[in-house]
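Hello,

Here is the structure I said I would pass on. Please look through the sequence and the model first; my notes on what was found come after.

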Amino acid sequence: MSFRQRSPHGGGTSSSPQPPPRWSQGRKRGADGKRRKQNGTDSSVFDENEHRPSDNRLDSFTTPEGPGPLSRCSDWGTAVEEDEMRTSVNKEIARYRRKLLINEFSRERKSSSGSSDSKESTVMVELETDEVVLMRRQKQINYGKNTIAYDRYIKEVPRCHRIPGVHPRTPNKFKKYSRRSWDQQIKLWKVALHSWDPPTEEGCDLQEISPVDLGEMETESIGSNSTESQTSSQDNDDTYSGTPTKVRHVDYQAEGEFDLEACLSEPLKDFNTVS
Amino acid sequence: MGETGKEEYRIQSFDAETQQLLKTALKDPSSVDLEKVANIIVDQSLQDCVFSKEAGRICYTIIQAESKQVGQSVFRRSLLNRLQQEYKDREELRSRSLQAWICYVTFICNIFDYLRVNNMPMMALVNPVYDCLFRLAQPDSLRKEEEVDCLVLQLHRIGEQLERMNSQRMDELFSLLRDGFLLQEGLSSLSQLLLLEIIEFRAADWKMTDAAQKYYYSEVTD
């Protein structure tokens with residue numbers, strides 16, 4: 001039996017097998033956003049500059065449209081919230097895939113027995129699986145759903161009674177769309193939901209909510225609106241005048257880039273089609 | 001809530017006013033200052049080891065209640081961020097009060113045990129929990145029975161889960177424990193016993209074997 005000299009550095013000595021490369025190797029930035037020194041070993045618990053990130057996930061990521069690596073926040077509260085969203089999104093995509101498969105099978109059976117063709121051509125198309133994209137889309141959807149208008153809508157019109165083209169439908173985040181197309185769909189969807197805004201008092205566009213809630217909400221709205229950056233700047237008028245926010249599910253970090261110019265230059269769809 | 005509620009959440013140690021606040025937080029979370037409640041709970045768990053052992057339960061209930069009532073997670077966020085604050089200053093905490101440090105480790109491990117996210121443990125806590133356990137496995141901590149006791153207790157409760165989340169660090173931790181058991185000077189015989197037991201426990205895949213039960217936990221019959 002040999003006793004190895006243990007140093008505080010948990011990386012192991014030459015006699016031990018090489019541990020698998022840590023996730024942090026090759027990462028340009030630590031969890032706090034500061035650039036890491038390009039040494040091989042990871043800091044141990046007792047290093048002076050103890051920057052051990054609090055989780056095993058990538059501490060920074062790049063989006064194609066982004067300016068560069070965006071460092072993830074390192075506070076546990078937000079980290080857990082993002083985790084929660086990610087796991088929810090993953091469950092959803094699994095469920096969606098199953099649904100597509102089932103539709104696929106039932107269609108095949110129908111067509112083989114000679115009955116009519118089904119509605120859409122859902123031959124196995126490529127789905128959106130990029131986590132960053134899915135999370136961003138989910139956040140946008142959450143903003144729309146966290147409204148009194150949406151609440152009233154789903155109470156008034158159960159899904160089975162929805163008429164396509166008439167009743168707004170939540171954009172499908174798993175389908176492949178360009179960034180511009182997706183953002184436009186979200187915008188139109190939110191605008192359509194305004195039809196279910198609660199009746200307002202004379203002249204006042206802001207929805208009436210209990211005083212206590214209003215206080216909390218204003219801080220939240222302002223906070224989240226500024227962090228949502230340009231994504232909602234176009235909706236600003238809408239957001240404040242027409243889309244009252246209930247308490248939000250989570251506070252979000254800043255979104256990635258948003259092509260404001262592109263959206264402004266695109267013609268809006270005809271509002272009349274929205275009832 | 002009644003007496004069983006009190007016992008279940010171990011809130012007897014709070015003064016009457018605070019108990020009332022906690023009870024309200026459980027039933028009607030949006031009506032209370034949840035950040036304040038989070039701080040109260042953390043403060044108490046740093047002082048009261050009995051409370052910190054099961055504080056996860058009350059936290060879990062408040063989180064569920066808030067989520068159901070208003071779809072928010074103010075309490076969880078405040079709790080976690082406060083926990084993170086204490087984590088950052090844990091070395092100082094330990095030098096200030098060994099007891100508070102032990103309470104803190106007990107608390108964060110209990111939180112890790114109870115608070116799940118979509119049925120998964122909180123990823124964000126895995127490394128911090130490991131860091132705390134590693135600290136407990138350092139020579140100066142191994143010399144203190146209370147710290148060894150805390151260490152093995154946490155490993156009994158959450159070791160298996162923790163290993164599943166990151167087995168490499170668990171291997172490293174147990175290397176330290178083995179070395180500690182074999183080489184560490186100043187280990188009390190109780191500490192040695194505790195360390196040996198946990199080493200065996202993990203080797204048996206985090207299960208209690210009959211032989212170990214007999215050896216470590218049964219009354220000696222002469």
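**A loop in chain B**

Trp206(B) sits in the loop that joins H12 and H13 of chain B. Please keep in mind that this is a predicted model. The phi of Trp206(B) is positive, about 60°, although the residue is not a glycine. Is Trp206(B) buried or exposed? Its relative accessible area is 6%, and buried means under 20%, so Trp206(B) counts as buried.

Asp205(B) belongs to the loop between helix H12 (189–203) and helix H13 (210–217) of chain B. Asp205(B) is not a glycine either, and has a positive phi of about 65°. Its relative accessible area is 43%, which makes Asp205(B) partly exposed.

**The two chains in outline**

Chain A has seven helices and two strands. Read from the N terminus, the order of its elements is β-β-α-α-α-α-α-α-α. Of its 275 residues, 37% are buried. If you take the contacts in chain A with a separation of 6 or more, 68% of them are between residues 24 or more positions apart. The accessible surface of chain A is about 16,500 Å², and carbon and sulfur atoms account for 53% of that surface.

Chain B has 13 helices and two strands. It holds 222 residues, of which 55% count as buried. For contacts in chain B between residues at least 6 apart in sequence, 66% link residues at least 24 apart. Its accessible surface is about 10,000 Å², with 47% belonging to carbon and sulfur atoms.

**Helix H3 of chain A**

Helix H3 of chain A covers residues 148–156, and its buried residues are Ala149(A), Tyr150(A) and Tyr153(A). Looking down the axis of H3(A), these buried residues fall within an arc of 95°, so they line one face of the helix. What do the buried residues of H3(A) pack against? Their partners are helix H2 (131–145) and helix H4 (179–193) of chain A.

Two packed helices are described by the angle between their axes and by the distance between the axes. Two pairs are set out below in those terms.

In chain B, helix H8 (residues 123–136) packs with helix H11 (residues 167–183) at an angle of about 5°, and the axes are 10 Å apart. Angles under 35 degrees count as roughly parallel, and H8(B) and H11(B) are therefore roughly parallel to each other. On the H8(B) side the contact is made by Asn127(B), Tyr130(B), Asp131(B), Leu133(B) and Phe134(B). On the H11(B) side it is made by Arg169(B), Met170(B), Glu172(B), Leu173(B) and Leu176(B). By type, the residues of this contact are six nonpolar, one polar and three charged.

The other pair is H2 and H4. The axes of helix H2 (residues 16–27) and helix H4 (residues 49–70) of chain B come within 7 Å and cross at roughly 45°. H2(B) and H4(B) are therefore oblique to each other. Which residues of H2(B) and H4(B) meet? H2(B) contributes Leu22(B), Ala25(B) and Leu26(B), and H4(B) contributes Ile58(B), Thr61(B), Ile62(B) and Ala65(B). The residues of this contact divide into six nonpolar, one polar and no charged.

Val126(B) is in helix H8 of chain B, and it is buried, with a relative accessible area of 1%. Leaving out neighbours within four places in sequence, Val126(B) is in contact with Phe112(B), Leu162(B), Met165(B) and Asn166(B). From Val126(B) to Glu163(B) the C-alpha to C-alpha distance is 9.6 Å, and the two are 37 residues apart in sequence.

Pro128(B) is also in helix H8 of chain B. Pro128(B) is buried, with a relative accessible area of 1%. Between Pro128(B) and Lys88(B) there are 9.4 Å from C-alpha to C-alpha, with a separation of 40 residues in sequence.

Regards

Technical notes. Residues are numbered from 1 along each chain as its sequence is written. Chains are lettered from A and ligands numbered from 1 in the order in which they are written. This is a predicted model: local features need pLDDT of at least 70, side-chain atom pairs count only at pLDDT 80 or more; totals for chains, interfaces and linings use all residues. Side-chain values use heavy atoms; hydrogens and water are left out. Helices (H or I, at least four residues) and strands (E, at least two) are DSSP runs, numbered from the N terminus. Buried means under 20% relative accessible area, exposed over 50%, partly exposed in between (1.4 Å probe, protein chains only). Contact means heavy atoms within 4.5 Å. Accessible areas come from the Shrake-Rupley method with a 1.4 Å probe; for residues, only the protein chains shown count as cover. The arc is that of the directions from the helix axis to the C-beta atoms. Axes are lines fitted to C-alpha atoms, for helices over the stretch in contact, and angles run from 0 to 180 degrees between N-to-C directions. Angles under 35 degrees count as roughly parallel, over 145 as roughly antiparallel, 65 to 115 as roughly perpendicular and the rest as oblique. Ala, Val, Leu, Ile, Met, Phe, Trp, Tyr, Cys and Pro count as nonpolar, Asp, Glu, Lys and Arg as charged, and the others, Gly among them, as polar.
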